[in-house]
Structures are given as C-alpha cells and as structure tokens.
Amino acid sequence: MATQKHSDKRDAIIRLLQSTKEHPDADWVYFNMRKEFPNISLGTVYRNLKQLSDNGTILRLETGSGTEHFDAFTHDHSHFVCTACNRIIDVDAELESIDRRAEEQVGGRIDFHRMFFYGRCKSCNNV
Ligand SMILES: [Zn+2]
Ligand SMILES: [Zn+2]
C-alpha cells in the first residue's frame, strides 16, 4: 500500500510560500515557520524545501547569487532579478516564440526554459 506520509510542516511551508510573491529564501521560511512550529530545525526546513522542489510542488530558483529562492507559483513564468536590491519579480511575458526558435536550432522538442532577466527594479532605478 502506497502511503504518502502526511506532513503538517510541509503543508505549512506550502501555505507560507503561497502567501508571498517575494520568492523568499530558506532562512525566511525558517524564520516564519518558527512562529507556528517553535522547535522546527533549519535542517527540516531545508529537507522539506528540497522534497517539494524535487517533486515539482514548488519552484527552486537559482539566480546566481548563491542563495536559493522558492516560489509556490509554478505556472510557466520567468523572473526578473534586481542586481541592486536582489528582489525577484515575476515576469509573465509571452516567451513561447523563444522555445520555437530554440527548437529549430536543437532539432528536437523544448518542454520548458528557465530564464532570468537582470537589471534594476523600479525603486532602485529611481534613486
Ligand atoms: Zn531593486
Ligand atoms: Zn515567480
């Protein structure tokens, strides 16, 4: 019998990530999880984040900063990374044509792409 072990903590992590569009890192998740689970360890948070991103429930974003960020919104979208304040902002541009162009070059099939835009966000650009 297949048993999917139910985990309150994992559910809470998903709820927490669904509550924000800020693409937080593991430290933020740990800090906020401790409000509900005061005894939770950072290792448990890391393990759950890894499981959830490995099975596709959440996205793990590696922006090149060395810190992984997490996103509960897994619809096809790209990300903008502000190189001044490190904010990550969703970009919902229509990018299918890029897949088609890549397919022409590869000669196979593109299922998805990972794309980051880098620059300055609105508030950093106005300083
Ligand atoms: Zn910024
Ligand atoms: Zn996102």
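The chain has five helices and five strands, where helices (H or I, at least four residues) and strands (E, at least two) are DSSP runs numbered from the N terminus. This is a predicted model, in which local features need pLDDT of at least 70 and side-chain atom pairs count only at pLDDT 80 or more, while totals for chains, interfaces and linings use all residues. Residues are numbered from 1 along each chain as its sequence is written, with chains lettered from A and ligands numbered from 1 in the order in which they are written.

Reading from the N terminus, you pass through α-α-α-β-β-β-β-α-β-α. The C-alpha trace spans about 50 × 50 × 20 Å along its principal axes. Of the 127 residues in the chain, 13% are buried; a residue counts as buried if 20 or more other C-beta atoms lie within 10 Å of its own, exposed if 12 or fewer, and partly exposed in between, with C-beta atoms placed from the backbone. Now for contacts, meaning pairs of residues whose C-beta atoms, placed from the backbone, lie within 7 Å. Among those with a separation of 6 or more, 47% are between residues 24 or more positions apart.

Let's start with the helices. Two packed helices are described by the angle between their axes and the distance between the axes. Here the axes are lines fitted to C-alpha atoms, for helices over the stretch in contact, and angles run from 0 to 180 degrees between N-to-C directions. Helix 1 (residues 8-18) packs against helix 3 (residues 42-54) at about 70 degrees, the axes being 10 Å apart. That makes helix 1 roughly perpendicular to helix 3, given that 65 to 115 degrees counts as roughly perpendicular, under 35 as roughly parallel, over 145 as roughly antiparallel and the rest as oblique. On the helix 1 side you'll find Lys9, Arg10, Ile13 and Ile14, which meet Thr44, Asn48, Leu49 and Leu52 in helix 3. These contact residues split into four nonpolar, two polar and two charged (Ala, Val, Leu, Ile, Met, Phe, Trp, Tyr, Cys and Pro are nonpolar, Asp, Glu, Lys and Arg charged, and the others, Gly among them, polar).

Helix 1 has another partner in helix 2 (residues 26-36): their axes come within 10 Å and cross at roughly 120 degrees. That makes helix 1 oblique to helix 2. Ala12, Ile13 and Leu16 in helix 1 meet Val29, Asn32, Met33 and Glu36 in helix 2. The tally for this contact is five nonpolar, one polar and one charged.

Strand 3 (residues 78-82) runs antiparallel to strand 4, joined by four bridges, and His79 sits opposite Asp90 in strand 4. Strands 3 and 4 form a hairpin with five residues between them, and Asn86 in the turn has a positive phi of about 65 degrees.

Finally, look at Thr63, in the loop between strand 1 (59-62) and strand 2 (68-71). Thr63 is partly exposed because 17 other C-beta atoms lie within 10 Å. Leaving aside residues up to four places away in sequence, Thr63 touches His69, Val81, Ile88 and Phe116. The C-alpha atoms of Thr63 and Tyr118 are separated by 9.3 Å, although the two residues are 55 apart along the chain.

Technical notes. Contact = placed C-beta atoms within 7 Å. Pairing = 2+ DSSP bridges.
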